Amino acid sequence: MRAVVLAGFGGLNKLRVTRKAMPEPQDGELKIRVKACDGAASLGTAVECEIKICDGAVFICINKEEGTGRGGLNFIDLMVRQGNIDNPPKTPLVPGFECSGIVEALGDSVKGYEIGDRVMAFVNYNAWAEVVCTPVEFVYKIPDDMSFSEAAAFPMNFVTAYMMLFEVANLREGMSVLVHSAGGGVGQAVAQLCSTIPSVTVFGTASTFKHEAIKDSVTHLFDRNADYVQEVKRISAEGVDIVLDCLCGDNTGKGLSLLKPLGTYILYGSSNMVTGETKSFFSFAKSWWQVEKVNPIKLYEENKVIAGFSLLNLLFKQGRAGLIRGVVDKLLELYNQKKIKPVVDSLWALEEVKEAMQRIHDRGNIGKLILDVEKTPTPLMANDSTETSEAGEEEEDHEGDSENKERMPFIQ
């Protein structure tokens, strides 16, 4: 089978499309012929420091100062590529944490699924391939009218948004929410879920060029580089009830300052740590020193709550698959009621993964980028991601080669 392989932590030249042996399901696993998969993370080298960035669709950082198949890209994938996560896995590896496709085989003791079922699934790496195997507790049947592209864009973004809003922050009628990166996959999921509760005010930050496309999804929209604290307080002098922060850095202190009494600040990412194609110690150090010092006594006196959320840790390290299945069931009910719908930014061939990740790094996407295994790559991108056998030697890109190639437009 074909798969995207990360040869080592670093820049985009570490990614290759490779031929690998096809996996077979173990006891309790399903074998899925991938139709779509998530494609939005980076891979780099880890830094030995005390800042905590956990692997997952979301990251926790509460310290000193983002066959035939398709797949989705997340900012976590970009962090993985650079190695900017806690305890990074050994390379080479196949990235990717979610996919959609068709059940092709059942392992022993699997019940409730049949060959040919249309499903979406979480995978603990290995999603960027034509075939994956994953435990049955991480697999969910999808509605007949949900496309594979939508299904690949659905679980991580909407489960993350739902868990933060309803399980952690207890969103209720009349409350207010500030969400950063409102044009991204999680940001758009947050906006849609907030619209299911009466009289919820959503404040969002995003790059200016995204405002026209997402202006109807939030109540108030601000430029991500503007003084949004003053803008929010001008509209709501008390601040907001919930802050959802995927940026970290100096936004931590700003978010805490905006919380009303009994408000909840949730850190689920640290995209401010990613400023270049490869890991930068200086970016880490700068963000480290910008993070607001959290004084527990001050939290007590001001009646504020600070929390972190990592979906992948919850699934793969903390054994909460049953809880997540209940959330997925609720989300699919909302989907069937036409109240929520995944936002797909663009589709990319496996061989176009480098360009897709660059688009995420540049924060150019609105919604989710999807890897489509059936899509034919453009000639330029096909040449750039050499296909090799798993055991075969492959020629490394020369540093700077990508700078001499014209960037191809994304495909909607």
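User: Which residue stands opposite T264 in β14?
Analyst: In this predicted model, local features need pLDDT of at least 70 and side-chain atom pairs count only at pLDDT 80 or more, whereas totals for chains, interfaces and linings use all residues. Residues are numbered from 1 along each chain as its sequence is written, and side-chain values use heavy atoms, with hydrogens and water left out. Four bridges join strand β13 (residues 259–267) to β14 in a parallel arrangement, where strands pair if DSSP finds at least two bridges between them and elements are DSSP runs numbered from the N terminus (helices H or I of at least four residues, strands E of at least two). In β14, the residue opposite T264 is V305.

User: Which are the edge strands of the sheet?
Analyst: The sheet is open and consists of six strands in the order β11-β10-β9-β12-β13-β14, with parallel pairing. An edge strand here pairs on one side only, and the two concerned are β11 (220–223) and β14 (305–308).

User: What angle does the direction of helix α6 make with that of β11?
Analyst: Axes are lines fitted to C-alpha atoms, for helices over the stretch in contact, and angles run from 0 to 180 degrees between N-to-C directions. Neighbouring strands of the sheet are turned by 15° against each other on average when direction is ignored. Helix α6 (residues 228–235) packs on this sheet and touches β9 (176–179), β10 (201–206), β11 and β12 (240–245), contact meaning heavy atoms within 4.5 Å. Between the directions of α6 and β11 the angle is about 155°.

User: What angle does the direction of helix α7 make with that of β13?
Analyst: Helix α7 (residues 251–258) also packs on the sheet, where it touches β9, β12, β13 and β14. Its direction, compared with that of β13, makes an angle of about 150°.

User: How many of the 14 residues of helix α3 are buried?
Analyst: Relative accessible area decides this: buried means under 20%, exposed over 50% and partly exposed in between, with a 1.4 Å probe and protein chains only. The buried residues of α3 (155–168) include P155, F158, Y162 and F166, and the helix is mostly covered. Its number of buried residues is 12.

User: What is the relative accessible area of S109?
Analyst: Although S109 is not a glycine, its phi is positive, at about 70°. S109 is found in the loop between β5 and β6 (118–122). This residue counts as exposed because its relative accessible area is 57%.

User: With which side chain does that of E150 make a polar contact?
Analyst: E150 belongs to helix α2 (residues 148–152) and is buried, at 9% relative accessibility. Beyond its neighbours within four places in sequence, E150 is in contact with D145, Y335, K341, P342 and V344. A polar contact is a pair of N or O atoms within 3.5 Å, of which, within protein, one must be able to donate a hydrogen and the other to accept it, while residues adjacent in sequence count only if both atoms are side-chain atoms. At 2.9 Å, the side-chain partner of E150 is Y335.

User: How many residues apart in sequence are the parts that the pair of F138 and F316 ties together?
Analyst: Seven aromatic pairs are found in the whole structure, rings of Phe, Tyr and Trp (its six-membered ring) being paired if their centres lie within 6.5 Å, with planes under 30 degrees apart stacked, over 60 edge-to-face and the rest tilted. The centres of F138 and F316 are 4.9 Å apart and their planes stand at 85°, so this pair is edge-to-face. F138 is buried, whereas F316 is partly exposed at 23%. Because F138 lies in the loop between β7 and β8 (139–141) and F316 in helix α10 (residues 311–316), the separation in sequence is 178 residues.

User: How far from the ring centre of F148 is the charged end of R118?
Analyst: A charge sits over a ring if NZ of Lys or CZ of Arg is within 6 Å of the ring centre and within 35 degrees of the ring normal. K141 is placed in this way over the ring of Y113, 5.4 Å from its centre. For R118 over F148, the distance is 4.7 Å.
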